[in-house]
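Q: I am new to this structure. Could you take me through it?

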Amino acid sequence: MVTILGRAKINLTLDILGLRDDGYHEIATVMQSLALADTLTLTRQEEGITLTVDLPGLEADERNLAHRAAALVMRECGLRGGVHIAITKRIPVAAGLAGGSADAAAALRGMNELYALGLSDDRLCALGAQLGSDIPFALMGGTVLATGRGEVMQTLPDFPVTHVVLAKPPVAVSTPWAYRSYDAHPPKFHPDNASFLEALERGDRMRCAELVCNVLEPVTETAHPVIADYRARMREHGALCAMMSGSGPTVFGLFAEERAAAEAAEAFRLETDAAVHLTCTAGKYGE
Ligand code: ATP
């Protein structure tokens, strides 16, 4: 039996550079792993893949990304034998936190360990990229500049350990919709990734907090003004910065002090309809 964590991510910056011939957007995003994670427990079985998920409504069959990841490993490695995967879900679903990718990455690593396959990180990332653009990052974790469609990774120095409050409003955002809306009305600003990377190199968290920027934020916020409200609330409660993650709708706030983060999380629980998590930034896989 193997137990493995699949960590959530936030985007500290997210830029869209253009639309590619293959239909994907060319992006440049600084991604950051969080301690908030789903737990996957993999157990060998005679044959086939079975799955249980403790969240009613979330698909527990071949549509689940963890199932697809396990199936891909079995196919690629010509594995005889099967696996049962039990998922304990903590990452909010369809939230801009890449919970599905986190579970797929955990399933890839879990299969590698369970069957002692000896697949390298490069091989795992190549397999992950076949299933989703965020999966290579989910495999490696830490702080990364992801380019291409998100699968080309440059490892960065770890973002200084920081408390994070996540607030997901009760609205649904489709990622393809957000990108289409961006294409129709692209905002005029872009993140300054070069300055962000310089500040990160110096370990200058305050400067990084000034430079967080997501081009999808105004797109999603126009349809869901609650996001602007949550950002303002985060800052009122002392966040260094507050921004939407990915295509949303989750808003994250970064806090220097754990106590301020805990108070902000409590205020969100009392005053809003948000699903709230108090967590912190996490380093690279295995560290
Ligand atoms: P995106 O990667 O599109 O930005 P997200 O991070 O906003 O997605 P996820 O939690 O990854 O959102 O879920 C997106 C959809 O993927 C869900 O609505 C669900 O139907 C499907 N899905 C498949 N497997 C999983 C999984 N293991 N956990 C969560 N969602 C999954």
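This is a predicted model: local features need pLDDT of at least 70, side-chain atom pairs count only at pLDDT 80 or more; totals for chains, interfaces and linings use all residues.

A: Residues are numbered from 1 along each chain as its sequence is written.

Q: How many residues surround the ligand, and which are closest?

A: The ligand is surrounded by 19 residues (C-beta atom, placed from the backbone, within 6 Å). Leu65, Gly99, Gly100, Asp103 and Thr175 are the closest.

Q: Which elements give two or more residues to that shell?

A: These are α1 (65–77) and α2 (99–114), helices being DSSP runs of H or I with at least four residues, numbered from the N terminus. The largest share, four residues, is from α2.

Q: Where does the shell lie relative to the domains?

A: Domain 1 (2–155) and domain 2 (163–280) both contribute residues to the shell around the ligand, so it lies between them. The domain bounds come from an automatic or database domain assignment.

Q: Changing topic, which residues touch the most other members of the largest nonpolar core?

A: Ala66, Ala104, Ala107, Leu108 and Val165 do, in a core of 76 residues. A nonpolar core is a set of buried Ala, Val, Leu, Ile, Met, Phe, Trp, Tyr and Cys residues joined through C-beta atoms within 7 Å; buried means that 20 or more other C-beta atoms lie within 10 Å of the residue's own, with C-beta atoms placed from the backbone.

Q: Which element gives the largest share of this core?

A: That is α2, with eight residues.

Terms used: A residue is buried if 20 or more other C-beta atoms lie within 10 Å of its own, exposed if 12 or fewer, and partly exposed in between; C-beta atoms are placed from the backbone.
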